[in-house]
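Let's take a short walk through this structure.

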Amino acid sequence: MALISLQEVTLGFGGPRLLEEVNLQIERGEWVGLLGRNGMGKSTLLKLINGDILPHNGSISRQQNMRVAYLPQEVPQHLKGRIIDIVEGSLDALTPATSDDEHHWQRQHQVDKILSRMDLDPELNFETLSAGLKRRVYLARGLVRNPDLLLLDEPTNHLDIKAIDWLEDFLKRWGGTLLFVTHDRMFLQKLSTRIVELDRGKLFDWDCDYSTFVKRKEDMLSAEQTQNELFDKKLAQEEQWIRKGIEARRTRNEGRVRALKRLREDRKQRREFSGKVKMQLQTENRSGKLVIEAENISYSYSAQGGALSNKIIIKDFSTTIQRGDKIAIIGANGSGKTTLLKILMGTIQPTHGEIRHGTNVEMAYFDQLRSQLDETKSVLDNVGQGRDTVTINGRTRNLMGYLEDFLFTRERVHAPISALSGGERNRLLLARLFTQPANLLILDEPTNDLDIETLEALEDILLDYDGTLLLVSHDRAFLNNIVTSSLILDSDGNINEYIGGYDDWQNQSVDETPASTSLKPDSVSKTESKSDAKPAARKLTYKENRELAELPQRIEKLEEEQRQLTLKMETPSFYQQEGALITQAVNRLDEIQIELSQAYHRWTELEA
């Protein structure tokens with residue numbers, strides 16, 4: 001028997017139903033990833049399974065004595081006290097504390113075991129913990145009950161990369177039955193053995209891992225679009241026929257009229273796919289080659305109002321950021337990533353050192369706290385700021401149409417900010433940000449709360465962006481696909497730079513780790529046993545594959561430009577121009593040669 005079974009379950013709260021006669025079975029030992037766009041009802045489905053709410057129709061069957069642990073998106077605010085008391089308190093609902101010594105010992109042993117496995121200090125106060133550690137305590141509170149089914153709603157929210165890695169490893173070792181909601185594609189790929197998607201009130205069951213699901217889903221949407229187009233074509237033909245009037249009233253055509261009515265009803269019931277977010281970036285003015293230069297900058301502040309010694313956030317850091325660089329800033333929560341961004345922007349002055357900005361630098365800043373949004377105004381007013389139109393890349397657009405590109409319906413644009421979900425707020429801030437011409441984009445956690453489709457749309461636009469990008473994100477796949485280099489912050493204020501994204505940093509970190517360290521035990525053994533072997537060729541990242549595919553076309557364009565310029569310089573009339581134009585052409589020819597050499601070198605490097 002399945003652990004839990006939903007039969008013909010229906011649920012709605014006004015408007016289109018969140019669930020329409022859905023069926024779902026979860027067997028013991030499965031790891032199921034639950035996907036769907038923001039607002040589709042994923043969290044509601046988890047609450048149904050947990051028993052927090054009841055369906056309007058249908059039934060939910062649970063295996064007898066099944067224990068469920070549920071970790072919601074937000075950790076409840078009422079929890080206070082020592083970690084050990086909070087975790088042990090979860091057992092009271094199952095077996096209330098008694099004076100029996102053996103029973104007490106069993107409870108204490110269970111609590112100590114889970115706290116040890118999750119690396120939690122039992123005496124720490126819950127209120128003093130970071131958001132990531134609070135989520136870990138709440139997870140321990142659920143796991144101490146030895147649940148048959150673990151429900152996780154966005155478990156990676158507010159976690160830094162190190163904490164996400166820890167959670168993945170822990171869940172793999174735990175090995176129980178798991179149903180989880182996440183927009184973290186790497187987390188999905190590593191943990192899910194089955195994908196269930198909630199889309200327009202229906203559940204679609206994909207018995208495969210995440211990467212296979214992506215391919216199959218694309219094929220399904222293509223087939224659905226073709227089917228809808230054929231249906232709409234037939235409906236249009238029948239509507240044209242009925243308008244002829246007399247022909248339709250003949251007795252022998254009554255069946256055709258009834259069929260048309262059924263077509264109309266079917267079309268009325270169809271819930272359209274809401275489409276993808278459409279984004280455009282504008283860079284009206286190109287910056288100079290140098291964008292930002294930092295020279296020996298440090299930043300510290302006095303802890304507890306100066307009562308303690310200075311807390312060092314950044315120590316003796318130097319870098320040069322050039323036009324076109326796409327740089328990730330990675331570090332643990334509280335390591336100073338936002339502080340570094342603001343120092344590079346110039347809104348915070350370093351304690352020591354100097355920051356210089358290049359010429360024609362136009363910045364646009366995405367604030368992870370979304371403080372740029374006015375809570376007292378509607379969606380429309382936050383973006384329009386009193387205007388009915390916006391100008392994107394020289395083209396004037398109606399504000400309503402522009403917001404529809406970010407999936408805000410005409411009814412939703414008048415909603416106050418307080419009524420929006422986290423994902424909607426992020427989309428709104430992106431919509432506002434992209435109305436500003438900018439050749440330097442500074443994005444602090446833009447991926448929080450965004451669904452996978454919106455994440456991929458943002459990825460595509462940033463890949464094509466020819467300006468400069470500074471990016472803070474805990475989404476490892478997002479970093480791998482976009483950035484050209486990464487700045488890694490540690491707890492001592494040191495910042496190290498690595499070429500490439502998250503996976504590149506991990507690979508280079510392993511290469512730099514001495515064989516005697518215990519940072520990654522499996523990597524250490526490889527280092528010891530193959531110290532003289534050549535490093536294995538690593539798999540190209542998404543960004544590198546794309547770069548490799550585009551290099552031949554880029555080389556061809558450069559060679560054609562070189563040929564045309566050489567032909568022009570061979571004509572006598574060329575040297576009758578102004579001296580400045582001649583110098584410009586000669587310099588450009590030199591630049592092309594350098595760019596070609598670099599392109600050929602990069603092509604060889606990637607193919608190797």
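Predicted model: local features only at pLDDT ≥ 70, side-chain atom pairs only at ≥ 80, totals over all residues.

## A six-stranded sheet

Here's a sheet to look for: six strands line up in the order β14-β17-β18-β12-β19-β20, making an open sheet with mixed pairing. At its edges you'll find β14 (363-366) and β20 (495-499), and each has a single partner strand, so one side of each has no neighbour in the sheet. Ignoring direction, neighbouring strands here are turned by 15° against each other on average.

The pairing of β14 with strand β17 (residues 440-444) is parallel and runs over four bridges. Which residue of β17 is the bridge partner of Met-363? That's Leu-440.

## A stop at Thr-177

Next up is Thr-177, which sits in strand β7 (residues 177-181). Is Thr-177 buried or exposed? Its relative accessibility is 2%, so Thr-177 counts as buried, because the cut-off for buried is under 20%.

Who's around it? Beyond its neighbours within four places in sequence, Thr-177 is in contact with several residues, including Leu-3, Ile-26, Gly-29 and Asp-148. With Gly-29, the side chain of Thr-177 reaches the backbone nitrogen at 2.7 Å. As for Asp-148, it is 29 residues from Thr-177 in sequence, yet their C-alpha atoms are 6.3 Å apart in space.

Definitions and conventions
Residues numbered from 1 in each chain as written. Heavy atoms only, no water. Helix = DSSP H or I, 4+ residues; strand = E, 2+ residues; numbered from the N terminus. Buried < 20%, exposed > 50% of the residue type's maximum accessible area, 1.4 Å probe, protein only. Contact = heavy atoms within 4.5 Å. Polar contact = N/O pair within 3.5 Å; in protein donor to acceptor, adjacent residues only side chain to side chain. Pairing = 2+ DSSP bridges. Axes fitted to C-alpha atoms, helices over the stretch in contact; angles between N-to-C directions.
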